[in-house]
Amino acid sequence: MGNRGMEELIPLVNRLQDALSNVGQNCSLHLPQIAVVGGQSAGKSSVLENFVGRDFLPRGSGIVTRRPLILQLLSANTEYGEFFHCKGKKFTDFNDICKEIEAETRRVTGSNKGISPVPISLRIYSPHVLNLTLVDLPGITKVPVGDQPADIEYQIRDMIMQFICKENCLILAVTPANTDLANSDALKLAKDVDPQGQRTIGVITKLDLMDEGTDARQILENRLLPLRRGYIGVVNRSQKDIDGKKDIKAALLAEKNFFLSHPAYKHMAENMGTPYLQRTLNQQLTNHIRDTLPAFRSLLQSQLLALNKEAEEYRQYSPDDPARRTKIMLQSVQRLAVDFEKLIEGSGDKVDTVNLSGGARINRIFHERFPYELVKIESDESKLRREINYAIRNIHGVRTGLFTPDMAFEAIVKKQMSRLKGPCIQFVEMVSQELINTVSQCINELRSFPKLQNETERIVTTEIREQESKCRDQVLLLIDIQLAYINTKHEDFIGFTNAQQTYNQSNKKTVAGTAGNHGVAPPSRLIVIRKGWLTISNIGIMKGGAKEYWFILSAESLSWFKDDEEKEKKYMLPLDNLKLRDVEKGFMSSKFVFAIFNTELRNVYKDYKCLELACDSQEELDSWKASLLQAGVYPERVTVDGQGNGAPENFTDPQLERQVETIRNLVESYMSIIYKTIKDLMPKTVMHLMINNVKEFISSELLAQLYALGECSALMDESPEQQRHREEVLRQHAALKEALDVIGKFSTSTCTTPLPPPVDSSWIQPPSPTLPKKSPTSGRPTVRGHAPSAPRVPTHNASPSTDGLHQLARQHHRAPPSVPRRQPPAIPNVK
């Protein structure tokens, strides 16, 4: 059957499969194996038992094989079995193997005919077997029984497809001789994933149960319903033989006598039967491994290369060496400082292309969140005028004032400035939280040493909180400094005279429209502020439902288009009298929503009073709000006034109205200076007192505080997960290296049989529901012409063949097969 090296390749693949399972990769290399596919009670389990020569598989009516069984047969001097889930335990009694399979099946699937794709791995050593790796799959069934779901047929089909769609899997399609071969489920599934027939081997069972006067000669000669690799016939024990405990050796002898004595099969008896099938599968699996060896070796080499660096580090690692522990702690803290600085200052390596992180999120707080929070605290026009009115009148008391009082201006300005404390404190807290999140992201790299990770996180978080407290005090001090002295001599302050002139000009102003510029907006108002995708979420289903559009925000309008090519404009909404409000996120929605509405209660879009716009993230929502703020669309203000929430007070005194308007202009001018100052100073203060100090602490003070704990050795204790990971990496690296060493010694000039030429397999069609099934031997079958017979195993060494290499080259250029899925039937409602 070929040279010794190739005969040892199948056991090597089995050892590699176990090694990969040990390190949790679960056969990620798609190792070569043979999948046994067939209908329920087609005789699949009997074929496998004949290979072993023992009764070891569960028996019964209906679906018996309810989990895939990966069966590894290895030639050895002694006879026993081992389960992957019972490592180290040898089963010498094959009845115990049967009981263990049943118990393990019930453990996962229950006792009422349920199925599961989780495989059972069984290895059998015996002097009576040839090296093979087979997968016994559940039989294809049509009708659910017990607690099986209504789509049991499609679940089983999908499970089978997960195995046979892999290019490295040979398909053993088992079909009983007393059924219609043209409607074989096994052959149809094989045709779905292997249309060229390069991986499919046909097996005909129950030849002794055919009607008297009929035979399957033309099928076995591959002349009727041909397959590229042909068919092999076997005769299994009948249920009567099994119940009577007929020995498998006696059954194999009876099978041999059946083929030798049957007039239709005696001329090909040497190419029939279980022993010949076993030799053929061994040879073809060996050839298949040989043909896929170059690609298999490349995959092993790529995985080994990926593990080399990590395995080398773990190989040199000594957990109990104090010097190495100290060195690793020093390197870990230094790497933490570098990673933290890169996240804050920005870096070109390891850039996150999915989410904002570190310094980018803090920058968004500086220039989007904080300005937006400042605008939210501004009082609306009516409330501001009412406060100025009350201040002026209360200052004058019982007298009628002739001049505008300065004290009213100062009182209103100080009240406005005091409101800045809330947003400023919130600003400091937001930056502090982002620093903690950034540190946690960096410290996560220390998860291999949980004690070091916890202590580092505790020390750095404590430092951030201390710096936050100092920064908060400094921010409050800045506001108190502004409150201490109202500088009316500031160069940007309009002053009393200019405030009165502004009032006089506003009274003389008439509605001039846009006549001066012929209706064309100034160039500054045509500048595009922002572009992006938004979803209009409040349009009803009857009118098209929520839909995504490409929005363009300019200084005077909000337009949206069908797509980002900006050719088909859907609508242009002027920004006049528009404001925005927050919309609560829906329970089942993943979108972040805000609304735009008209302050004069006019329709914003068609017959909608407001327009609800949705985006995908909080960062995008904040950015759109900041852009709308820049365009002059301010957030809705919530007025809390205990003295009156009605309409603005009508001024009956022209002198009082003039004084209110003058102070309003003065307050607006001075507060604009304060806003500019606060927006400029706050990021600088936070950057100096918090961010820079935390960076300096991590780079220069953290290591000293860790040493001060006096538990340096204990800090570097590995986590159990890290220990297991290191051991798994070393085991996997050793297994891959061993596999490559052994594969490198193999000679690919093994005895092989060229793949037969293609045949016409168009006869494999789905069964028609209107036509009755016919036996393939009933009547006079139509002969489709001679096709190559099943490949025979030679008994002497042949010359090296290059056909397998040409086949491999063809395989590399063939697209991988997809897994066909069928729509499962509806599950009936039980009332």
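In this predicted model, helix 5 (residues 152–164) packs against helix 6 (residues 185–193) at an angle of about 50°, and their axes lie 11 Å apart. That angle makes helix 5 oblique to helix 6. The crossing in which helix 5 passes helix 6 is right-handed. On the side of helix 5, the contact is made by Arg157, Ile160, Met161 and Ile164, while helix 6 contributes Asp185, Leu189, Asp192 and Val193. Sorted by class, the contact of helix 5 with helix 6 holds five nonpolar and three charged residues, with no polar ones.

In sequence, Val143 and Glu153 are 10 residues apart, and in space their C-alpha atoms are 7.4 Å apart.

A second helix pair can be described in the same terms, since two packed helices are characterised by the angle between their axes and the distance between the axes. Helix 11 (residues 322–345) and helix 19 (residues 654–700) pack at an angle of about 155°, with 8 Å between their axes. Angles over 145 degrees count as roughly antiparallel, and helix 11 and helix 19 are therefore roughly antiparallel to each other. Helix 11 takes part in the contact through Val333, Leu336, Ala337, Phe340, Glu341, Ile344 and Glu345. Its partner, helix 19, brings Met687, Ile691, Val694, Lys695, Ile698 and Ser699 to the contact. By class, the residues in the contact of helix 11 with helix 19 comprise nine nonpolar, one polar and three charged.

Ser627 belongs to helix 18 (residues 618–630). This residue counts as buried, because its relative accessibility is 8% and the limit for burial is under 20%. Apart from neighbours within four places in sequence, Ser627 is in contact with Ile529, Arg530 and Leu553.

Most residues other than glycine have a negative phi. Asn577, although not a glycine, has a positive phi of about 60°. Asn577 is placed in the loop between strand 12 (569–574) and strand 13 (578–582). At 37% relative accessibility, Asn577 counts as partly exposed. Lys606 likewise is not a glycine, yet has a positive phi of about 55°. The loop that holds Lys606 runs between strand 14 (592–598) and strand 15 (610–615). Lys606 is exposed, with a relative accessible area of 60%.

These details belong to a chain whose secondary structure comes to 23 helices and 16 strands. Of the 831 residues in the chain, 47% are buried. Among contacts in the chain with a separation of 6 or more, 78% involve residues 24 or more positions apart. The chain exposes about 42800 Å², of which carbon and sulfur atoms supply 51%.

Definitions and conventions:
Residues are numbered from 1 along each chain as its sequence is written. This is a predicted model: local features need pLDDT of at least 70, side-chain atom pairs count only at pLDDT 80 or more; totals for chains, interfaces and linings use all residues. Side-chain values use heavy atoms; hydrogens and water are left out. Axes are lines fitted to C-alpha atoms, for helices over the stretch in contact, and angles run from 0 to 180 degrees between N-to-C directions. Helices (H or I, at least four residues) and strands (E, at least two) are DSSP runs, numbered from the N terminus. Angles under 35 degrees count as roughly parallel, over 145 as roughly antiparallel, 65 to 115 as roughly perpendicular and the rest as oblique. A crossing is left-handed if the near helix is turned anticlockwise from the far one by less than a right angle, and right-handed if clockwise. Contact means heavy atoms within 4.5 Å. Ala, Val, Leu, Ile, Met, Phe, Trp, Tyr, Cys and Pro count as nonpolar, Asp, Glu, Lys and Arg as charged, and the others, Gly among them, as polar. Buried means under 20% relative accessible area, exposed over 50%, partly exposed in between (1.4 Å probe, protein chains only). Accessible areas come from the Shrake-Rupley method with a 1.4 Å probe; for residues, only the protein chains shown count as cover.
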